[in-house]
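Try each task before you read its solution.

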Amino acid sequence: MAVGNLSKTGEEKTASRGQSEVNRRLKYISLAVLVVQNASLILSIRYVRTLPGDRFFTTSAVVMAEVLKVLTCLVIILLQKRLNVKEMVYFLIDVIVVQYKDTLKLAVPSLIYTLQNNLQYVAISNLPAATFQVTYQLKILTTALFSVLMLRKSLSRVQWISLLLLFAGVAIVQVQQEGNKEASVKDTSNQNYTVGLVAVVISCLSSGFAGVYFEKILKGSSASVWVRNVQLGIFGTALGLLGLWWNDGAAVAERGFLFGYTSMVWCVIFNQAFGGLLVAVVVKYADNILKGFATSFSIIVSTVTSIYLFGFHVDILFTAGAGLVIGAVYMYSLPKAPGSSASPSSSSSSSSSSEKTDRDAEMEAFLPKAQGGVSPPSAVHITT
């Protein structure tokens, strides 16, 4: 009997070691995927927006990405319903039309995300990719501040220090870019650094508010992330078409919806549409520290790649500012120490939810904090 117990214990230890090895490999894979997705989207948008020749309409690209997201979620829901189209249609009518009040809750964040997606194109078209990548980390600051103001969350001392370092690092980068403005946009004559900076700041504000808004209005919601994204996509597509008509209506009527589309443009759209889905899958295996490290490493990748692709100039001031941002991102992702500065009544909820405030904008845009926003990233429900 004792021999049998020892044998069973040995098998359990072997299985545990095997599982831990698998999890370790999945974490490394997650790190690589997060870095590639974070860096590639920004670099590819910058590349297609600086190429000579016909320029595609960014408003049409935003609409196309929304349509692809909705179609993807519909396919996933259909698979969950075992390819029963009738059952899926009844299900969607119930959750979207019958429960219309719940659907209408997503009108505001959908408007914000549509605005944010358009502003990202404007910002990246007018800013060097590395500068945008560094400056866009202000979304961590805006999300944290909105969480404190709207959700009464508490931040640890380390997180407050990291936010100060983040702001200082971005400020240093902007000072460096202001002093080197001509060199930073010398590749094209139609870029406006001020327009790009305003666009990225508004995008950071909208990203922070939208993420916290989701967490506030969707607490306790039982809807799956796929249903939420269908609801988001309906509003997003309609609002995107409205923006297209307002900004580029006459030009699109004359030249066509897909004017200027190339294989590289399609790659950008697919990256934008499915990147969030990819991040949502891999984030199941990546803890918050790993995500922070991935974000930091993607800044380095974007900077190095920009040097070779766009002739971006890196000096000591930019290196110092980017270094502060990278360190701040990593510091903010560290788990809160026990007994940190949370009030007794809210410490249990804030310790689990504060880890989520630095989610990537791309993931927020595709997979909002559905499931109430009270679970850590590893508990995000991918299927229902």
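**Exercise 1.** In which helix does Gln 133 lie? Then decide whether Gln 133 is buried or exposed, and list its contacts away from its sequence neighbours.

*Solution.* The model is a predicted one.
- Step 1: Gln 133 belongs to helix H6, which covers residues 129-135.
- Step 2: The relative accessibility of Gln 133 is 3%. Buried means under 20%. Gln 133 therefore counts as buried.
- Step 3: Leave out residues up to four places away in sequence; Gln 133 then touches Asn 38, Ala 39, Ile 42, Ser 298, Ile 299 and Ser 302.

**Exercise 2.** Find the nonpolar patch on the surface. Which helix gives the most to it?

*Solution.* 
- Step 1: The patch is formed by Val 158, Phe 293, Phe 297, Ile 300, Val 304, Ile 307, Tyr 308, Tyr 330 and Leu 334. Together they have about 810 Å² of accessible area.
- Step 2: Helix H13, residues 288-310, gives the most, with six residues.
- Step 3: Take one of the patch residues, Ile 300. Ile 300 sits in helix H13. Its relative accessible area is 38%.

**Exercise 3.** Describe the protein as a whole: how many helices and strands does it have, and what share of its residues is buried?

*Solution.* 
- Step 1: The protein has 16 helices and zero strands.
- Step 2: Of its 384 residues, 51% are buried.
- Step 3: Take contacts between residues at least 6 apart in sequence; 86% of them join residues at least 24 apart.

**Exercise 4.** Compare the record with the model. What is the helix content over residues 195-214 and over residues 316-334?

*Solution.* 
- Step 1: An unreviewed UniProt entry places "transmembrane region" at several stretches, including 195-214 and 316-334.
- Step 2: Residues 195-214 are 100% helix and 0% strand, with end C-alpha atoms 28 Å apart.
- Step 3: Residues 316-334 are 95% helix and 0% strand, with end C-alpha atoms 27 Å apart.

**Exercise 5.** Where does pLDDT stay under 50?

*Solution.* 
- Step 1: Start with the average pLDDT, which is 76; 72% of the residues score at least 70.
- Step 2: Over residues 340-384 the pLDDT is below 50, though this stretch has 124 contacts in the model beyond near neighbours in sequence.
- Step 3: Residues 184-188 also stay under 50, with nine contacts beyond four places in sequence.
- Step 4: Where pLDDT is low, predicted coordinates should not be read in detail.

Terms used: Residues numbered from 1 in each chain as written. Predicted model: local features only at pLDDT ≥ 70, side-chain atom pairs only at ≥ 80, totals over all residues. Heavy atoms only, no water. Patch = residues over 30% accessible without salt bridge, like charges linked within 9 Å, V, L, I, M, F, W, Y side chains within 5 Å. Areas by Shrake-Rupley, 256 points an atom, 1.4 Å probe, with all protein chains shown as cover. Salt bridge = Lys/Arg side-chain N within 4 Å of Asp/Glu carboxyl O. Helix = DSSP H or I, 4+ residues; strand = E, 2+ residues; numbered from the N terminus. Buried < 20%, exposed > 50% of the residue type's maximum accessible area, 1.4 Å probe, protein only. Contact = heavy atoms within 4.5 Å. pLDDT = per-residue confidence, 0-100. UniProt positions renumbered as here; feature names shortened; annotations may be inferred.
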